[in-house]
Structure formats: structure tokens, C-alpha cells
Amino acid sequence: MKLQLSSLFLVLLMLLSCQENKDLRLLENAKDAKKKEIIFNNINKGWNFNTNPSNLASQGLATMWEEWRVFLTELSQKPKSTIGAFQQKAKTLSKKAVNLKNNIPVAYDKPEIKSRISVLIAKVNALDLFINLNEIPDQKVIALVSEINTELRSIQSQLDEIIRKNAIPREEGESDLIQMLDPSRAIPNQ
């Protein structure tokens with residue numbers, strides 16, 4: 001008798017627990033859709049990259065360094081339709097940013113530029129990571145967009161600084177002095 005009563009109770013419990021509440025599910029779906037729409041609108045408003053070259057060095061670099069030009073072109077194209085379009089754009093930007101390390105023009109292939117490019121790559125990868133999360137932190141994505149803009153300005157100002165330094169004329173004998181200070185030319189101790 002106890003076995004029949006407990007099995008009847010178990011069946012009754014399963015029937016009651018498996019019922020769907022369509023109204024509750026529709027309400028939750030509506031809340032989720034509203035939340036996603038707010039996140040999309042926030043990201044859409046904040047997705048503004050400053051891709052305009054700020055100086056002559058940046059303009060010249062865009063013509064002779066294909067990876068830089070492709071990256072800036074990709075940044076200037078803003079997705080419009082859905083959050084999925086922003087996610088796809090972030091993945092593309094991440095791939096293009098990694099390519100920036102390739103074929104840096106010889107005049108700019110310096111540690112100052114390489115380090116700034118590495119920081120830019122890290123920021124773009126972080127943008128890709130955050131925008132592809134299930135719960136997208138829209139304020140963090142917007143902050144990363146402004147940080148990427150800051151890094152772009154930093155690279156452009158460093159390019160300008162390199163051009164300014166190269167424009168300074170060398171004094172007589174300076175190149176000989178620099179050559180003498182080169183440790184690779186030193187006579188090894190025996």
C-alpha cells in the first residue's frame with residue numbers, strides 16, 4: 001500500500017512539475033529581447049572609431065603599408081543590423097589587427113611602434129572577447145572603443161615623432177661616435 005501511494009505521489013509530482021507556463025516564458029522572452037535591444041542601441045551609439053589620419057606621417061603610412069590601410073578601412077565600416085553583425089566585425093578586426101605586425105615599413109619598424117601595435121592588438125582582442133560573451137557588458141565594450149581610439153592616436157603621434165627625429169640634421173662626426181659606441185664592434189676581452 002505504501003509503495004502504491006508513494007508511486008502515485010511521484011507520478012503526480014512529475015505531472016505538476018513538468019507543466020509549462022507559456023505566459024511566463026513569453027514574458028521572459030520579451031524582457032530578454034528588450035535587454036538585447038538596449039545593449040544593441042548602446043553599442044551602436046558608442047561604436048565610433050576615429051580612423052582619420054591626424055598627421056602627414058599617418059597619411060603617408062596608409063598609402064605604403066597595406067595592413068594599416070586595410071585595418072583602418074575595416075574600422076571605418078560600422079555594422080548596422082544586429083548584435084551579430086557587431087560580433088562578426090569584432091572578429092574581423094581582431095584578425096586584421098594581428099596582421100599589423102607584418103610588413104611594418106623599415107622607417108617605422110622600431111620598438112616604440114611595435115609596442116603600441118601590441119597594445120592595440122590586445123585592446124581589439126579584448127573588444128572581440130567582450131562582445132562575444134553571452135551577457136554582453138555594453139559599457140565595457142564602449143570603453144574599449146574609446147581605448148582603441150586612444151591607441152590609434154598614440155601610434156599616429158609616435159609616427160610623427162619618428163619623422164621629427166629623422167628630420168634633425170646630424171652633426172659632423174656624430175655618425176662616427178655612434179658607430180664607436182656600438183657594443184657589437186667592441187674588441188672582445190681575452
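**Exercise 1. State the accessible surface of the protein chain and the share that belongs to carbon and sulfur atoms.**

Step 1. The accessible surface comes to about 13,300 Å², computed by the Shrake-Rupley method with a 1.4 Å probe.
Step 2. Carbon and sulfur atoms hold 56% of this surface.
Step 3. Note the basis of the values: the model is predicted, local features need pLDDT of at least 70, side-chain atom pairs count only at pLDDT 80 or more, and totals for chains, interfaces and linings use all residues. Residues are numbered from 1 along each chain as its sequence is written, and side-chain values use heavy atoms, with hydrogens and water left out.

**Exercise 2. Describe the secondary structure and the burial of the protein chain.**

Step 1. Count the elements, which are DSSP runs numbered from the N terminus (helices: H or I, at least four residues; strands: E, at least two). The chain has 8 helices and 0 strands.
Step 2. Along the sequence, the pattern reads α-α-α-α-α-α-α-α.
Step 3. Of the 190 residues, 28% are buried (under 20% relative accessible area, with exposed over 50% and partly exposed in between; 1.4 Å probe, protein chains only).

**Exercise 3. Characterise the lining of the largest pocket.**

Step 1. A pocket is an open set of points on a 1 Å grid over the protein atoms alone, where a 1.4 Å probe fits, with protein on both sides within 12 Å along at least five of seven lines; lining residues have an atom within 4 Å of a point.
Step 2. The lining includes Asp 32, Lys 35, Ile 83 and Gln 87.
Step 3. Helix 2 (22–46) and helix 5 (83–98) are the elements that give two or more residues to this lining. The largest share, 4 residues, comes from helix 2.

**Exercise 4. Which aromatic pairs link Phe 40, Trp 47, Phe 49 and Phe 86 into a cluster? Describe two of the pairs.**

Step 1. The whole structure holds 4 aromatic pairs (rings of Phe, Tyr and Trp, its six-membered ring, with centres within 6.5 Å; planes under 30 degrees apart are stacked, over 60 edge-to-face, the rest tilted).
Step 2. Phe 40 and Phe 86 pair edge-to-face, at 5.7 Å centre to centre and 65° between the planes. Phe 40 lies in helix 2 and Phe 86 in helix 5, 46 residues apart.
Step 3. Phe 40 is buried because its relative accessible area is 15%, and Phe 86 is buried at 0%.
Step 4. Trp 47 and Phe 49 are also an edge-to-face pair, with 5.4 Å centre to centre and 85° between the planes. Both Trp 47 and Phe 49 are buried.
Step 5. Ring pairs join Phe 40, Trp 47, Phe 49 and Phe 86 into a cluster.
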